[in-house]
Amino acid sequence: MTAQTDTTGPVTTVYKVSGMSCGHCEGAVSGEISQISGVSSVTAVASTGEVTVVSATPLDDEAVRAAVDEAGYELAEKA
């Protein structure tokens, strides 16, 4: 589901989201995830389904799942 880079400082996590197909989709997912406390940046790429999130600390996967659900998409398992 996620891949985390184990470093000191900001944490970068890559999530797979199914159902994104355009820039609007990217914006919807990015907008919801960016509201999670501690998130400093979100980059969603519809063509790959990958959403890269930079946060101050590791995020709770359930909080990310809820944000993605709110945007109308589904957090998928990492292949």
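**Reading the definitions in a predicted model**

User: What makes strand 3 and strand 4 a pair?

Analyst: Strand 3 and strand 4 run antiparallel and are joined by 6 bridges. Two strands pair if DSSP finds at least two bridges between them, so these strands count as paired. Strands (E, at least two residues) and helices (H or I, at least four) are DSSP runs, numbered from the N terminus. The model is predicted: local features need pLDDT of at least 70, side-chain atom pairs count only at pLDDT 80 or more, and totals for chains, interfaces and linings use all residues. Residues are numbered from 1 along each chain as its sequence is written, and side-chain values use heavy atoms, leaving out hydrogens and water.

User: Why is Asp60 called exposed?

Analyst: Exposed means over 50% relative accessible area, buried under 20%, and partly exposed in between (1.4 Å probe, protein chains only). Asp60 has 51% relative accessibility, so the residue counts as exposed. Asp60 lies in the loop between strand 4 and helix 2.

User: What is meant by a nonpolar core, and which residues have the most contacts inside the largest one?

Analyst: A nonpolar core is a set of buried Ala, Val, Leu, Ile, Met, Phe, Trp, Tyr and Cys residues joined through side-chain atoms within 4.5 Å. The largest has 20 residues, and Met20, Val29, Ile33 and Val51 have the most contacts inside it. Helix 2 gives the largest share of this core, 4 residues.

User: Which residues does Met20 touch?

Analyst: Contact means heavy atoms within 4.5 Å. Not counting residues up to four places away in sequence, Met20 touches several residues, among them Val29, Val51 and Tyr73.
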